[in-house]
Amino acid sequence: MTPGFKEGTKTVPSNLPCSRKRVGAVEWREIAKSVRSAGGRLFALWGTDDRDRDTCFRVFAVYLHSSGVAVVEHEMEGGTKPTYPSLREYFPSALRMERAIFDLLGIKSIEPDHRGWLRHGGWPEDAFPLRRDFDCNNQFAAASAPYPFVQVEGDGVHEIPVGPVHAGTIEPGHFRFSVVGEKVLRLEERLGYKHKGIEKLFETMAQKEGHRLAARISGDSAVAYSWAYCAALEAATGTICPHRAVQLRALALEHERLANHLGDLGALGNDAGFAFGLTHFARMKEDLLRTNQASFSARYLMDFLVPGGVASDLPNDAPRLLLDRYRSFEADLNAMRNTYDNHAGVQDRFRETGILSQETAYNLDAVGLIARASGIPHDLRSDFPWPPYDKMKVKVSSQTSGDVAARVAVRFDEVIESLRICRALVAELRSGDIATVVPDAGPGLLGIGAIEGWRGPVLVALETGSNGSIRRCHPHDPSWQNWPLIEYAILGNLVPDFPLINKSFNLSYSGHDL
Amino acid sequence: MINTLSRMIRTGILTEEVPRAPKADLPIGNLQEKVRKILGRALCIRHLDAGSCNGCELEIQALNNPYYNIEGIGIKFVASPRHADLLLVTGPVSVNMEEALKRTFDAVPDPKLVVAVGDCGACGGIFGKSYASRGAVADVIPVDHTVKGCPPSPLAILQAILETIQTTA
Ligand code: SF4
């Protein structure tokens, strides 16, 4: 436990060990400092407008430390200019989250960079969507102003603006490169294009329907988010899911990891000029999605998890089908890994490209897959295993080189480990119910759901309202921490290597922009 | 190299038959021929994500896998809207992407087709209209065809594309 955190804490309902503490402005920073020096990490940061209840705004910081999750809460009087101390000094990734908090709530961290992050001019400067008196259905004419990118000056430096619309079937975001010749001197990202008001929308939904929106925060992580949401609600209501439901959820989560990793492994081969890799991995991914259709009744599991359990059971012949599929995947994977490892051209592009050193990764708060490829071996499934992972002994993959090759290797390892977990889940599948009834939670409860998705840990913080409503819901994607890292990994690399490096991170725009 | 070749041979050709457009009267016949007749060349598609959750993108990407192999029937994805005949738009239109969507639409040369993909593209989906979302694609630019689903399957997207060409022909 982090020093200074123990006194005055309360337990928070969660699928992980979780405690909560209220602090003043000074302690807000002191705790951050002590978490940092004890090797803990910033998990999420958000704000709330509670002026209707007690005239205050609040900010919440969530940390991951050696014995679990810590929620730290700081309140400020709701005068004309509410402020709180920035956490950026200890956790650089806090900066963008603080900018987002300002855009949505109008509470400012004491910190010089206040350029709009999620607000691009789509709503007035003095309107704050997450305030209680802001109506979600308000529509405004957009009034966009130029964004002040940081300028790099010097002989022969020029800028290359890319996006928001990119030349492929991918999500929108803007990248501003400052280059000399082909070399990148600086990259500045601008995100927020996909902001579609998800947090505000949650507040219009019932507790029992929020999982549907959660699954659509980032479609490639539908299971991770809907599980995190359900875990938060189930913890708040003291609901215990039937064991079979929990096993099926884990199976779905591992299939999600498999689908994304297979897709990325193919796309990475393609970006390295090896189309054969793309063809084979795309074939395997399609085989997996068809297996999903046969076992879970959907290719993408947007509606598979429901509060209290899962929506449908496996058909009788599914276990055999699944085991056959896993067996053929394992053979294919070993062969493909061999092919990648022994292909000089592919290795030449992968190795020493887009290096994120362990030191930079640590200092800049890397999480999930990206952290594991830079020698920081954290995975919630192993650090704080929640059921059914408490029986799984998940092996955490880690690499130290921090380059594209390392991110490829971690994906290969994780696919193999996922297949092992899937086989074990299918073999141990219990019979019984697949769902239980979840009662409405009373008002004012906070539940935290945290799940290791394929990108890294996702979090859903759910605060209940009266009559089964949602008062506030904050989802957090690991991409918040990892986006700024690409700005470092690209330095000194060539512009044409950017697609490869970016793909090796494969971060979420939608999950970040909310 | 030997390994790569032997894998290719062992895997063989996986491409499946092109689906029939469900509502169109015309049989598909030789689709490639048809596309060529209408356009004189391959049908060029530009995809634009106007604010999706990224689910629809994954199914559009799947169209390029060997099972669907759409390049084999004369449809290809292009990098610039200026080279496109058809704009495939996903997502509810986020307020922050409205301008980019309009500009991309304008950049596609006439005559042009627009297909809105997914529940979100077709009607705003779960996100609907709000301070941050303009809702359906048709509320921002003219749309010729929509395909529902969350996300719609690659087959459904392909059928919608085929239907759009056929009904326009
Ligand atoms: S239709 Fe569904 S999958 Fe497609 S963007 Fe909307 S929520 Fe995502």
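This briefing covers aromatic ring pairs and charges over rings in the structure above. The model is predicted. Over all chains, the count comes to 23 aromatic pairs. One of them joins Phe134(A) and Phe140(A), and another joins Phe134(A) to Tyr131(B).

**Aromatic pairs at Phe134(A)**

- Phe134(A) and Phe140(A) form a tilted pair, with 6.1 Å centre to centre and 40 degrees between the planes.
- Phe134(A) counts as buried because its relative accessibility is 8%, under the 20% cut-off.
- Phe140(A) has 23% relative accessibility, so this residue counts as partly exposed.
- Phe134(A) also pairs with Tyr131(B) in an edge-to-face arrangement, at 5.3 Å centre to centre and 85 degrees between the planes.
- The pair of Phe134(A) and Tyr131(B) crosses between chains.
- On the chain A side, Phe134(A) lies in the loop between β7 (108-110) and β8 (157-162).
- On the chain B side, Tyr131(B) lies in the loop between α5 (118-123) and β5 (145-147).
- Phe134(A) and Tyr131(B) are both buried.

**Aromatic cluster in chain A**

- One aromatic cluster is formed by Phe274(A), Phe276(A), Phe281(A), Tyr340(A), Phe350(A) and Phe412(A).

**Charges over rings**

- Arg36(A) places its charged end over the ring of Tyr362(A), 4.9 Å from the ring centre.
- Lys196(A) has its charged end over the ring of Phe127(B), 5.3 Å from the centre of that ring.

Key. Residues numbered from 1 in each chain as written. Chains lettered and ligands numbered in written order. Predicted model: local features only at pLDDT ≥ 70, side-chain atom pairs only at ≥ 80, totals over all residues. Heavy atoms only, no water. Phe/Tyr/Trp six-rings, centres within 6.5 Å; stacked < 30°, edge-to-face > 60°. Buried < 20%, exposed > 50% of the residue type's maximum accessible area, 1.4 Å probe, protein only. Helix = DSSP H or I, 4+ residues; strand = E, 2+ residues; numbered from the N terminus. Lys NZ or Arg CZ within 6 Å of the ring centre and 35° of its normal.
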